[in-house]
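Please look through the structure below before reading on.

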Amino acid sequence: MAKVPVLTSTALTALPKIAEGKVRDLFEVDSKTLLFVASDRVSAYDVIMQNGIPSKGPLLNLLSTHWFHVLSSEIPGLRTHFLTLELPSSIPEADRALLKNRSMQVRRLKIFPIEAIVRGYITGSAWKEYQRTGTVHTIPMPAGMKNGEAFPQGAIYTPSTKAEAGQNDENISVAQAAEIVGEKYAKRIEDLALKLYTTARDYAISRGIIIADTKFEFGLDEATDEIVLVDEVLTPDSSRFWPADKYEIGREQDSYDKQYLRDWLTSEGLKGKQGVAMSEEVVAKTAEKYREAFEKLTGKRWLDAIN
């Protein structure tokens, strides 16, 4: 694999930075356009690790771009914030190599402050809650479900708050989500999130990947009153990806996502702790899993995609 420096912070002389998330840095291009830059930072349990994952930013950026194209072709009328992978003309030559593949220009929109989480399979925190109470996100579930099983009624919408960096997201009810985003938009966001998930689920399974759950974020085009898909989409950072050929109900699944990192943090007693540096093995294994997911979903070799 081509040697790529790990980028955990960005600063551009040509554009002002207006926000910094767990992974992405946002720069202002003009009043209607932002430059999203995907760093190699990685977070787990809402905590950013001290070291990054090589090439993670470009991979997330290019995979999101792939999904924007796929979903736009599959869902008529879908609006996304994606504009282009081309850099703004104001970016000097010295910064262009750094930003190649890891940045996209996007529409500047009013962002709804919730995470639209959709779950197709019971796992993770949902499985833990079900074992305690027989519910998922306080929604009653059928008795006798097993770890990793698909929800018999189909995918479910389980929104959460969208916390600032360093804070924890909190699960909220559909009614609470409606209070935050407004009744006018709540049902539209829920329906679109479910449609996006089922479309992506069917696409991914044909490529050997089960999307167990994922999160979407949305913005509002205030000129047209349309809901717009924003942020990253269906990446190993925002989703649980399972290899379909190893799927087995009743156990924890193999994965192509951050689960390896989560498991390591838990086993080392580091879950939720600040200032954690990942071991070289965890960095290498996580990078490998992310690349496998990219190649399966896009049908492209990673080295071909970045060159």
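A residue counts as buried when its relative accessible area is under 20%, and as exposed when that area is over 50%. The model shown here is predicted. Asn-101 has a relative accessibility of 18%, so it counts as buried. Asn-101 sits in the loop that runs between α2 (93-99) and β7 (103-107).

The backbone at this position also deserves a look. Most residues other than glycine have a negative phi. Asn-101 is not a glycine, yet its phi is positive, at about 75 degrees. Thr-138 is likewise not a glycine and has a positive phi, of about 70 degrees. Thr-138 is found in the loop between β10 (135-136) and β11 (139-140). Is Thr-138 buried or exposed? Its relative accessibility is 64%, so Thr-138 counts as exposed.

Now turn to the helices. Two packed helices are described by the angle between their axes and the distance between the axes. For helix α4 (residues 174-181) and helix α5 (residues 183-205), the axes come within 7 Å and cross at roughly 125 degrees. The two helices are therefore oblique to each other. The crossing of α4 past α5 is right-handed.

Which residues of α4 and α5 meet? From α4 come Val-174, Ala-178 and Val-181, and from α5 come Glu-183, Tyr-185, Ala-186, Ile-189 and Glu-190. Sorted by type, the residues of this contact are six nonpolar, two charged and no polar.

Terms used: Residues are numbered from 1 along each chain as its sequence is written. This is a predicted model: local features need pLDDT of at least 70, side-chain atom pairs count only at pLDDT 80 or more; totals for chains, interfaces and linings use all residues. Side-chain values use heavy atoms; hydrogens and water are left out. Axes are lines fitted to C-alpha atoms, for helices over the stretch in contact, and angles run from 0 to 180 degrees between N-to-C directions. Helices (H or I, at least four residues) and strands (E, at least two) are DSSP runs, numbered from the N terminus. Angles under 35 degrees count as roughly parallel, over 145 as roughly antiparallel, 65 to 115 as roughly perpendicular and the rest as oblique. A crossing is left-handed if the near helix is turned anticlockwise from the far one by less than a right angle, and right-handed if clockwise. Contact means heavy atoms within 4.5 Å. Ala, Val, Leu, Ile, Met, Phe, Trp, Tyr, Cys and Pro count as nonpolar, Asp, Glu, Lys and Arg as charged, and the others, Gly among them, as polar. Buried means under 20% relative accessible area, exposed over 50%, partly exposed in between (1.4 Å probe, protein chains only).
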